[in-house]
Amino acid sequence: MSAPPPPALPPEAPAPAPKPKVALSLIRATGRTHLGNYLGATRSFAQLSAREDVRCYFGVATLHSLTTLSDPRALKRDIRGVVVDFIAAGVDPERAVIFDQTAIPETLQLSWLLSCLTTAGRLERMHHWKEKKDKLAELGQAANVGLFTYPILMAADILGPAADLVPVGEDQLQHVEFARDLALRFNHLYGDYFRVPTFLEREAVRVPGLSASGKMGKSEGDKATLYLGDSYEAQWKKIKVAPTDPARVRLQDAGHPDRCNIGGIHKVLTHLGLHEEGGMEWVTDGCTQAKWGCAVCKKRALDVMEEGFLREIRERRAAVEARGDGYIDEVIREGNERARARIQPVVLGAMERAGLITRWV
Ligand code: TRP
Ligand code: SF4
């Protein structure tokens, strides 16, 4: 006799949707954005914000900007500029929360709580502080305290909305670690409260400048920087005259064509999966065997970028700009409201834990 068949299983209950993770990152307002900003930051913001399982908060780090910017008019202009960049890169303001750090006073309140859990010695060991301080000293200037406590404000940015994921460049890793430590310290002193965030490294795409060996933007200056807001023609003009040195490249071993900056850009494109031929061979070949001139090579690089993302970014930017400052302000105002609604209760709760009474705050 065979065993009776096992009883039929009850129909499976649908699994509850997992709670979306919260991702948070801020960007300082620094003026015109270029290829490096996009590939290094806003592109991955757009990708994150398209995910169903992630809720994104992207801010303009206006308070952090004050640690180095001294021109108020430029700052005011650049705040909207960052928001336009987010949207142009493909962040949908209906899905992601786009906000201004300044509009969340609770972040400063939390920053104070956290500063009382931080020793000066710990801040003195931060790479960022040491570098900035030394650079200023070279110019004969003294660093301000805002620069010194910068990581505390950043930790408040991260812990305030109880972020799970913090997408930043590798240069910010130490700051995120610091925020993690502060969360643990607070939890240890006052009972488990803060989520301990995870560093989420943005896909590290280092874009070389068009003229030498430095990074695009900061170190390389205007001529070597491909601005996203420029027209295709303006971009081509810039790339076309970018100095290259095929002779030097030919002398390279064939595996490292990126001694030429344009070669470096080709490499970035390959890394992004934007080169239809899937590899660098055609650049190496074409270059080392002088099968083509640099103009052909450069044109090809620009066209791949144009089709891959530049046109789309330009179109989205034009569409946003056509709606005017009023629209951007509305995006920010709404984002501020949504961000504050999330952050305020978390911070008030932390204040209560620390022994403050928030009823009359
Ligand atoms: N310090 C960051 C930078 O320079 C900007 C920043 C401020 C930030 N607050 C943050 C990044 C919170 C991530 C989370 O790039
Ligand atoms: Fe650079 Fe291309 Fe010219 Fe070679 S052919 S030097 S990779 S631009």
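Predicted model: local features only at pLDDT ≥ 70, side-chain atom pairs only at ≥ 80, totals over all residues.
**Before you start**

Residues are numbered from 1 along each chain as its sequence is written, chains are lettered from A and ligands numbered from 1 in the order in which they are written.

**Whole protein**

Show the cartoon. It has 13 helices and 5 strands. These are DSSP runs, numbered from the N terminus: helices are H or I with at least four residues, strands are E with at least two. Of the 361 residues, 47% count as buried (under 20% relative accessible area, with exposed over 50% and partly exposed in between; 1.4 Å probe, protein chains only).

Areas come from the Shrake-Rupley method with a 1.4 Å probe; for residues, only the protein chains shown count as cover.

Contacts come next (heavy atoms within 4.5 Å). Among contacts with a separation of 6 or more, 75% join residues 24 or more positions apart.

**Ligand 1**

Ala, Val, Leu, Ile, Met, Phe, Trp, Tyr, Cys and Pro count as nonpolar; Asp, Glu, Lys and Arg as charged; the others, Gly among them, as polar.

Now check distances from ligand nitrogen to side-chain N or O atoms:

- Asp 157: 2.7 Å from a nitrogen atom of ligand 1.
- Tyr 150: 2.8 Å from a nitrogen atom of ligand 1.
- Gln 172: 3.0 Å from a nitrogen atom of ligand 1.

The protein covers 93% of the 370 Å² of accessible area that ligand 1 has on its own.

**Ligand 2**

Move to ligand 2. Its shell holds 11 residues. The closest are Cys 260, Ile 262, Cys 287, Cys 294 and Cys 297. Helices H10 (246-251), H11 (261-271), H12 (281-288) and H13 (294-353) each give two or more residues. The shell has 9 nonpolar and 2 polar residues, with no charged ones.

**Helix H3**

Select residues 72-89. Helix H3 has 18 residues and reaches 26 Å from its first C-alpha to its last. That is close to the 26 Å expected, taken as 1.5 Å times one less than the number of residues.

Its buried residues include Leu 75, Ile 79, Val 82 and Phe 86. The buried residues pack against S1, helix H1 (35-49), strand S2 (54-60), helix H2 (62-65), strand S3 (97-100) and H13.

Look at both ends. At the start, a side-chain oxygen of Asp 71 comes within 3.0 Å of the backbone nitrogen of Arg 73. Just after H3, Gly 90 has a positive phi of about 115 degrees.

**Ala 41**

Finish in helix H1, at Ala 41. Is Ala 41 buried or exposed? Ala 41 is buried, with a relative accessible area of 8%. Beyond its neighbours within four places in sequence, Ala 41 contacts Ile 27 and Arg 202. Its C-alpha atom is 9.6 Å from that of Ser 25, 16 residues apart along the chain.

How values were computed
Heavy atoms only, no water. Near = heavy atom within 4 Å. Polar contact = N/O pair within 3.5 Å; in protein donor to acceptor, adjacent residues only side chain to side chain.
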